Amino acid sequence: MTSALATRPRTSALDRDTAMRLAETEYGRVVALLDGLGSRDWARPTDCPRWDVRAMVAHMLGMAEMSASIRESLRQVKAAEKRGGVFIDALTELQVAERADMSPAGIAARYAEVAPRAVKGRRRMPWFVRKQKMGQAQQINGRDETWTLGFLGDVIMTRDPWMHRVDISRAVGAPLVLTADHDGVLVDDVVREWAQRHGRPFTLHLTGPAGGTWGEGGPVLEFDAVEFCRALSGRGAAPLDTEVPF
């Protein structure tokens, strides 16, 4: 990244309609995945070492509830800040801890109830709020950067459940639903951000329903599209040593 990119708050490269379409579809796919989980699946370990499936979904529910309600979002932020330490770690730990007494069936039912309201809440965020900077810096690729609330709401809040849907599918051995018109659009946005972040020539071939070809010149890279995103998220060695937030 150039110094200008490092200091300018990051904004969404997705148009608003596309971002909200991706959000609605992703929440729906998570609901369908949770509906298919068996009683033993909730205790299976995931690619996030501290979380089994139940803890991961508790976090996802907490995030959806933040999106559904400004009041709940402010409450969670304030409570996480009181915990101290790295903000995102404090926030996710809070979300899991506050839902520790919920049954797996209760978590799944609550997620299905909240998901449509989460989409509505994100859709209602006005442009002048979306332009505001988040209060907490995020450390990506070894340096702090700032995000707009629009980048958080339009991009990260969809990438997060998407990546965890991948995690859960891998953990329980469930088929991962992938389509070009949804996952392919999400992956394209990730690739373009990855290219902007490292700023070097490349030719990238991603395989699978969410794949495609990007770039020209530089090293030729080929991955499965989902495995490429997993690597950028820290679940493997990131290509060209460049991470992308999820």
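In the class counts below, Ala, Val, Leu, Ile, Met, Phe, Trp, Tyr, Cys and Pro are taken as nonpolar, Asp, Glu, Lys and Arg as charged, and the others, Gly among them, as polar. The structure is a predicted model.

**The second largest pocket**

The lining of the second largest pocket divides into seven nonpolar, three polar and six charged residues. This pocket holds about 300 Å³ of space. Of its 16 lining residues, Arg10, Thr11, Ser12, Ala13 and Gln196 lie nearest the centre. Helices H8 and H9 (180-198) each supply at least two residues of the lining, and H9 gives the most, with six residues.

**Packing of H2 against H8**

Helix H8 (residues 149-172) also packs with helix H2 (residues 16-35), at an angle of about 25° and with the axes 9 Å apart. H2 is therefore roughly parallel to H8, since angles under 35 degrees count as such. The crossing of H2 past H8 is left-handed. On the H2 side, the contact is made by Arg16, Ala19, Met20, Leu22, Ala23, Glu26, Tyr27, Arg29, Val30, Leu33 and Leu34. H8 contributes Gly153, Asp154, Met157, Thr158, Pro161, Trp162, Arg165, Ile168 and Ser169. Residues of this contact comprise 12 nonpolar, three polar and five charged.

**Residue classes of the two sites**

Terms used: Residues numbered from 1 in each chain as written. Predicted model: local features only at pLDDT ≥ 70, side-chain atom pairs only at ≥ 80, totals over all residues. Heavy atoms only, no water. Axes fitted to C-alpha atoms, helices over the stretch in contact; angles between N-to-C directions. Helix = DSSP H or I, 4+ residues; strand = E, 2+ residues; numbered from the N terminus. Parallel < 35°, antiparallel > 145°, perpendicular 65-115°, else oblique. Left-handed = near helix turned anticlockwise from the far one by under 90°. Contact = heavy atoms within 4.5 Å. 1 Å grid on protein atoms, 1.4 Å probe; cavity = no way out; pocket = protein on both sides within 12 Å on 5 of 7 lines; lining within 4 Å. Points joined across faces, edges and corners; volume = space filled by probe spheres on them.
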